Amino acid sequence: SGCGSLISSQFSFVPAASTNPKAALKSKIVAEFRPQSLIDELLLYKRSEDQIELKEKQLSTMRVDVCSTETLKCLKGKALR
């Protein structure tokens with residue numbers, strides 16, 4: 001409805017690709033756009049953010065002596081797993 005008419009009104013003013021290379025490039029980008037790959041990348045990013053948040057929460061609940069090099073080595077080893 002509202003979006004469809006907005007899109008169609010914008011495309012009706014785009015010059016022919018043969019006369020406007022910029023319009024041809026835009027048309028190519030739109031034609032080759034694959035939303036699923038974007039969705040997949042966003043899901044991976046979200047999972048990564050969730051993992052970071054979980055690890056931060058786990059660390060905040062632990063009582064860690066930050067002056068102990070042995071404790072820090074242990075934490076570092078766990079983080080690399």
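A surface patch here is built from residues with over 30% relative accessible area and no salt bridge, and nonpolar side chains are joined within 5 Å. In this predicted model, F33, L38 and L42 form such a nonpolar patch. F33 sits in the loop between helix 2 (21-32) and helix 3 (35-61). Its relative accessible area is 48%.

Now step back to the whole chain. It has 4 helices and 0 strands. From the N terminus, the order reads α-α-α-α. Of the 81 residues, 2% are buried. The chain exposes about 7600 Å². Carbon and sulfur atoms supply 63% of that area.

Next come the charged pairs. Side chains of opposite charge can pair when their charged atoms come close. The structure holds 2 salt bridges. In one, D50 pairs with K46, and the closest N and O atoms are 2.8 Å apart. Both residues belong to helix 3. They are 4 residues apart, which means a separation of about one helical turn. D50 is partly exposed, at 36% relative accessible area. K46 is partly exposed too, at 47%.

E53 and K57 also meet in a salt bridge, with 3.4 Å from N to O. These two residues lie in helix 3 as well. They too are 4 residues apart, so about one helical turn separates them. E53 is partly exposed, with a relative accessible area of 40%.

Terms used. Residues are numbered from 1 along each chain as its sequence is written. This is a predicted model: local features need pLDDT of at least 70, side-chain atom pairs count only at pLDDT 80 or more; totals for chains, interfaces and linings use all residues. Side-chain values use heavy atoms; hydrogens and water are left out. Patches are made of residues with over 30% relative accessible area and no salt bridge: like charges are joined within 9 Å, nonpolar side chains (Val, Leu, Ile, Met, Phe, Trp, Tyr) within 5 Å. Accessible areas come from the Shrake-Rupley method with a 1.4 Å probe; for residues, only the protein chains shown count as cover. A salt bridge is a side-chain nitrogen of Lys or Arg within 4 Å of a carboxyl oxygen of Asp or Glu. Buried means under 20% relative accessible area, exposed over 50%, partly exposed in between (1.4 Å probe, protein chains only).
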